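Visitor: Hello! I have just started learning to read protein structures. Could you walk me through one?

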Amino acid sequence: CKDVIQDILAMVQDFNILDTRLTFFVVTNFLLTVISTYCLIRLFQVRRYLFIKPSIILLSYTNIFFQWPAAVFSGYYEHWLPNPYTMMLLVHGYVLVGLAGSILTLGTEAEKIWNRTRLEIKSGNTNIYFPGIIIMTLIVVVVFVFYLSYVPMTSTGLYAILFDPLSSGMAREESLKLLENGGMKYAFSIMTSSVAPLLISFIIKSFLDNRINTFISYVSAIFVILLTSIAVSLIGSRSGLFNIIVVSCFVILWKRGFTIHPVFLALLAFFVLSPVVIISLLREGKSLVDLAGLYITYMGLILDRIFFIPFHVGCWFIHYAQENGPFGIGAFQKFASMFRVEPLDVPNIIGLIYGPQYYNSPVIGSISATSGYLFSLYGYIGIMSLPISLLGLCVIDITVYIYNKLELFALIPCLASINLSTLMFVQSDYTVVILTHGFAMILFLSLALSYLAKVGSFDSLWRSNA
């Protein structure tokens, strides 16, 4: 079985779309992808307020990261997957049925929130964000200090990137192992996935609203941004800094009324990806003599990692389930013991089977080939995952009701942070995104800050700075 996997996986590295035969499967994948893309574009043009809903944002991500790769690589997967039409149903059915359902529900509520964002943009908003910024900064500092109490600075992945790049991969693994306390691990995860993006969103919005207009406030804001950037990059991961930049871009987009100009979008992509490329170069100890050549090469690798790898890994789950059957209840580690079933680390199993053949090199034993919940659920329970995935898509739109409870000052930072967190659904399991990647915590923090802005001495402090 592994020999077959290796032979066929080797093809994906050399696959050329121009050599694809126009079979019914290939044409249908492209047709469904184009239809979905057209629907999303028209929706953006005529009912843009629906992009307030996380489901529409997630479907847009799915179109980019799953549908288009499914079309581009359809000629390859038609032959590799035992039942490729299941993949087609899973990906395109999820988007098209999801779009129909999302368009027909919560439209009025979404439009109300959209009008509130327009009001905030026009009014300039007189509220000050400093108390909220102070609270979240304190959280970042506390987690930062406690992290360094477990992991010395010289043992962090970030230190290795700067001073010993060739050992940065190992240093990242070791820094995670040194963080033995489970509560500390969760606190660090919450800080990087929810507190830091929300904090940066508040600061960027303060700049855009001209609320940071003195030398002291300017220096303080820059210091907090730098401190937060260091804190989220401690383990040496590129994702922390990437998330900070992306959430900043979402704040700018919402402040612009969620209008997107193609030139602005191109500059945005360059701005977002450049730091990731630089970190990659540093992490691998590359000489920067031929910076332009290295930049282009690594930009291509990063783009492949962002736009195609999530889909490829997802198809590993499909292939395994079709070849060997779904993993079953053991894949749900929290519930496995209740049914007296051995818990399974499915991402590790998938990574160990398919990783060495895909990358054509050995992989570390702790590899975790995580995938979007649309694919991982299929690997767990088979085709019944499709209606469950669609139900999950509907559930996240409950967020719209929470947006309506927020004070005006917290609305755009919360929207921007949720837009970022929603991206994680194409890379991780559903509950992991909700509980670990910040989706629920962002909403909770935004509600808490809105509540505190109304009551007690906190409200007095807020108004005294207005």
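Visitor: How close do the axes of helix 3 and helix 21 come, and at what angle do they cross?

Guide: Good place to begin. Two packed helices are described by the angle between their axes and the distance between the axes. Keep in mind that this is a predicted model. Here the axis of helix 3, residues 54-72, comes within 9 Å of the axis of helix 21, residues 408-423, and the two cross at roughly 45°.

Visitor: Which word describes how helix 3 and helix 21 lie to each other?

Guide: Angles from 65 to 115 degrees would be roughly perpendicular, and those under 35 roughly parallel. The crossing angle is roughly 45°, and therefore helix 3 and helix 21 are oblique to each other.

Visitor: Is the crossing of helix 3 and helix 21 left-handed or right-handed?

Guide: Their crossing is right-handed.

Visitor: Which residues meet where helix 3 and helix 21 are in contact?

Guide: From helix 3 come Pro54, Ile57, Leu58, Tyr61 and Phe65, and they meet Ile418, Asn419, Thr422 and Leu423 of helix 21. Sorted by kind, the residues of this contact are seven nonpolar and two polar, with no charged ones.

Visitor: Let's turn to charges. How many salt bridges are there?

Guide: Side chains of opposite charge can pair when their charged atoms come close. To count as a salt bridge, a side-chain nitrogen of Lys or Arg must be within 4 Å of a carboxyl oxygen of Asp or Glu. By that rule there are three salt bridges in this model.

Visitor: Which residue forms a salt bridge with Asp397?

Guide: Its partner is Lys53, and the closest N and O atoms are 3.5 Å apart. Asp397 sits in the loop between helix 19 (385-395) and helix 20 (399-403), while Lys53 sits in the loop between helix 2 (24-46) and helix 3, so the pair ties together parts 344 residues apart in sequence.

Visitor: Is Asp397 buried or exposed?

Guide: Buried means under 20% relative accessible area. Asp397 has 3%, so this residue counts as buried. Lys53 is buried too, at 0% relative accessibility.

Visitor: And what do the side chains of Asp209 and Lys255 do?

Guide: They meet in a salt bridge, with 2.7 Å from N to O. Asp209 belongs to the loop between helix 10 (182-208) and helix 11 (215-232), whereas Lys255 belongs to helix 12 (residues 239-255), so this pair links distant parts of the chain, 46 residues apart. Both Asp209 and Lys255 are buried. Asp209 also forms a salt bridge with Lys205, at 2.9 Å from N to O. Lys205 is buried as well, with a relative accessible area of 0%. Through shared partners, Lys205, Asp209 and Lys255 are joined into one network.

Visitor: Now for single residues. What does Thr228 touch?

Guide: First, find its place: Thr228 is in helix 11. Its relative accessible area is 0%, so Thr228 is buried. Leaving aside residues up to four places away in sequence, Thr228 touches Val140, Ala196, Leu199, Ile200 and Ile244.

Visitor: Where is Gly351?

Guide: Gly351 is in helix 17, residues 346-359. At 0% relative accessible area, Gly351 is buried. With residues up to four places away in sequence again left out, Gly351 touches Pro356, Val363, Ile367 and Ala369. As for Ser368, 17 residues from Gly351 along the chain, the C-alpha atoms of the two are separated by 5.9 Å.

Definitions and conventions. Residues are numbered from 1 along each chain as its sequence is written. This is a predicted model: local features need pLDDT of at least 70, side-chain atom pairs count only at pLDDT 80 or more; totals for chains, interfaces and linings use all residues. Side-chain values use heavy atoms; hydrogens and water are left out. Axes are lines fitted to C-alpha atoms, for helices over the stretch in contact, and angles run from 0 to 180 degrees between N-to-C directions. Helices (H or I, at least four residues) and strands (E, at least two) are DSSP runs, numbered from the N terminus. Angles under 35 degrees count as roughly parallel, over 145 as roughly antiparallel, 65 to 115 as roughly perpendicular and the rest as oblique. A crossing is left-handed if the near helix is turned anticlockwise from the far one by less than a right angle, and right-handed if clockwise. Contact means heavy atoms within 4.5 Å. Ala, Val, Leu, Ile, Met, Phe, Trp, Tyr, Cys and Pro count as nonpolar, Asp, Glu, Lys and Arg as charged, and the others, Gly among them, as polar. Buried means under 20% relative accessible area, exposed over 50%, partly exposed in between (1.4 Å probe, protein chains only).
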